[in-house]
Amino acid sequence: MGKKKAAADSGIGALGKVELPALLTKEQVAEYFGVSPRTVEAWRSTNTGPVPIKIGKHLRWTAESIRDYILGQSVA
């Protein structure tokens, strides 16, 4: 595999290859990002992380909101 192909596969293009459940719990979001569930709570309270939806009294995150959040991050 060439260097360009490897770089493309490890970058944002690889996001489409990651299989996520349709709806994720706080714990699943935390595991996906490698952070604690408390960090996900902090993101929600400060509106800095992926946007959750509310189903009844439960918060869930869609795979699309996770991808949108990742794509919206930039490196300075």
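Q: Which residue in the hairpin of β2 and β3 takes a positive phi?
A: G56 does, with phi near 65 degrees. The hairpin has two residues between its strands. Keep in mind that this is a predicted model.

Q: How many bridges join β2 to β3?
A: Three, and the two strands run antiparallel. I53 stands opposite R60 in β3.

Q: What about β1, how does it pair with β3?
A: In the antiparallel sense, over two bridges. β3 covers residues 58–62. L23 faces T62 of that strand.

Q: So what's the strand order in the sheet?
A: β1-β3-β2. The sheet is open, has three strands, and its pairing is antiparallel.

Q: Why is one side of β1 and of β2 left without a neighbour in the sheet?
A: Both stand at the edges, β1 at 23–24 and β2 at 53–55.

Q: Switching to the helices. At what angle do α2 and α3 pack?
A: About 105 degrees, with the axes 8 Å apart. An angle of 65 to 115 counts as roughly perpendicular, so α2 is roughly perpendicular to α3.

Q: Which residues meet there?
A: From α2, K26, E27, V29, A30 and F33. From α3, P37, V40, E41 and W43.

Q: What makes up the largest nonpolar core?
A: Nine residues: L20, L24, V29, A30, V40, W43, W61, A63 and I66.

Q: W43 keeps coming up. What is it in contact with, leaving aside neighbours within four places in sequence?
A: F33, V35, T48, G49 and P50. F33 is also one of the α2 residues that meet α3. W43 itself belongs to the largest nonpolar core.

Notes: Residues are numbered from 1 along each chain as its sequence is written. This is a predicted model: local features need pLDDT of at least 70, side-chain atom pairs count only at pLDDT 80 or more; totals for chains, interfaces and linings use all residues. Side-chain values use heavy atoms; hydrogens and water are left out. Two strands pair if DSSP finds at least two bridges between them. Helices (H or I, at least four residues) and strands (E, at least two) are DSSP runs, numbered from the N terminus. A nonpolar core is a set of buried Ala, Val, Leu, Ile, Met, Phe, Trp, Tyr and Cys residues joined through side-chain atoms within 4.5 Å. Buried means under 20% relative accessible area, exposed over 50%, partly exposed in between (1.4 Å probe, protein chains only). Contact means heavy atoms within 4.5 Å. Axes are lines fitted to C-alpha atoms, for helices over the stretch in contact, and angles run from 0 to 180 degrees between N-to-C directions. Angles under 35 degrees count as roughly parallel, over 145 as roughly antiparallel, 65 to 115 as roughly perpendicular and the rest as oblique.
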